[in-house]
Structures are given as C-alpha cells and as structure tokens.
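Visitor: Please show me the structure. I have a few questions about it.

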Amino acid sequence: MENRKNFFHLHLISDSTGETLISTGRAVSAQFGGYEPIEHVYPLVRSRKQVLAVLRAIDEAPGIVLYTVVNEELGALLEEMCRDMNVPCVNVLDPVARVFQSYLGTASRRRSGAQHSLDEDYFARIEALNYAMDHDDGQMPETYDEADVVILGISRTSKTPTSVYLANRGVKAANIPIVPGMKLPESLYRAKRPLIVCLIASPGRISQVREFREFGSGADEGKSEYTDRAVIAEELKYARSLAAQNNWPIIDVSRRSIEETAAAILALKYELK
C-alpha cells in the first residue's frame, strides 16, 4: 500500500538567521510521520514593513506560524494579524525565556541573534572548522596531537560529515581512512591528547552508500570490489581488529544520524576525561 503524505505550510519567521526555528520546526514535524511541512523561511525580519510582507505570504498559504522576533511591537503585530486570519502563531523562545527569567530573577536582554555574536566560542568554531578541513581524509598527520578527536573508519562511514558537525560545536576533529594493507600514520599512535574512535556500519549499509556514490559519479555499472559486501565485511573485520589492538572505542553508525554519531563521540569524550 502506498505511503501517502499530507502536506501543510510551515512559516518560520526570525529576526536572525532562522536556524533555531528551522531545527525546532523539523524536530517537531518529524513526530508526525504522516505529514510533511512545506517550509517558508523568512530570516532577518526586523521592520514593520517586512512583517506585513510576511503576513501577506501567510494569507496566501495559511498554515502554522513559528517565530523568534525579540521586538515586542513586531511580535504583537504578527500575533494579532495571525489571530485575525485564524492561523496558529507561536513565539518559540518565549516559554523558555520565561522559565529562565523566573529562575534567574532577571529579564532577558532581548537581542536579535544573540547566539551568533562574535565571542570566544564563535572563533573556536571557526578554528575547529579550519582544522577539520586541513585534516580531512588523513591529511597533515604531523599535527594530530592538536585534535580533540580523531575519527577512523573504512570508506563511507560518515567520517568527514561527522568531523564537520563536531567542528560546528567547537571540537577539533581529524579523520583518517582505514584501508586494509595500509599502515596508519605513526603520529596517530604518538598522539596523547585526542580521543580516537573507530566508526563502523553494517556491510549492507556501506555497500548501499557506496553504490549510490558510484552511481552519482557516473562510474560504470556492475559489481565492483568497492561495493561487494564480502569485501566490505573483510574491511570491517580489519577495522575492528585495529580498534581492539589499540583499545579504541567503536561506534556503529548503521542507524545513526550524523548528529547522533557526534553526540556519541562527545559522550565518550566526557566519559573518559
């Protein structure tokens, strides 16, 4: 039986980048499997004129409205007009801000995009991102000891995207491919600072990803060793043996998203502090 989706309009209005709203909207939408949101994202909305333009768009495609606008006058205008249109409208940050205000005993400063300010954490994320790019796929092995995390794994175990995601959290991550018959850099074994983890997945999952990769690159059709499950199983066996010999923790990413893999790595890092 065909799995049909019901679509609805989701309007995301922010006076900053909209990242918070997008994440929130998608996280909640995912809980309603039979429904798919049609996202309308309106970033940097900071004037009455912009709000009125957004309201016209909402009127043309009514749906759920989520917003993070710290200007109280603009927020009130948005809520009033949505109420008149009989459209649900929610200030996503307000309930959380009220809890903070009650607990801390002080009012929020209500600054647009405060989480994106150019503070020490911001520059740490930039530095971590540069490090991840410089140390992708086994590059610059001489500076592995500067890493917070070194990620090992055979091809298509999501090493690079996990490294980049960690960098966005301010974590310096290098990644190194495991290839049977090829020695890992000596500098990896000398590194004392980083947590070293090995990513694995099921042969079927890796074969599927590799086949998709080959198809996307226009490679010749037909079975190759790169996608052969028996060959992949041997690669995984070699990776597991390396991890066991060196007491490196193993994370199975077969059913994990990049975010979940990164969270598991961070949990290990804090555990082993």
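**Strands and a listed site**

Guide: Gly 153 lies in strand β5 (residues 149–153); strands are DSSP E runs of at least two residues and helices H or I runs of at least four, numbered from the N terminus. This is a predicted model: local features need pLDDT of at least 70, side-chain atom pairs count only at pLDDT 80 or more, and totals for chains, interfaces and linings use all residues. Residues are numbered from 1 along each chain as its sequence is written, and side-chain values use heavy atoms, with hydrogens and water left out.

Visitor: Is Gly 153 buried or exposed?

Guide: Buried means under 20% relative accessible area, exposed over 50%, partly exposed in between (1.4 Å probe, protein chains only). Gly 153 has a relative accessible area of 0%, so Gly 153 is buried.

Visitor: What is the relative accessible area of Arg 156?

Guide: Arg 156 is found in the loop between β5 and α6 (159–167). Arg 156 is partly exposed, and its relative accessible area is 32%.

Visitor: Which strands stand at the edges of the open sheet?

Guide: 4 strands form the open sheet, in the order β2-β1-β3-β4, with parallel pairing. Two strands pair if DSSP finds at least two bridges between them. Each edge strand has a single partner, so one side of each is left without a neighbour in the sheet; the edges are β2 (35–42) and β4 (89–91).

Visitor: Which residue in β2 is the bridge partner of Leu 10?

Guide: Strand β1 (residues 6–14) runs parallel to β2, joined by 8 bridges. For Leu 10, the bridge partner in β2 is Glu 39.
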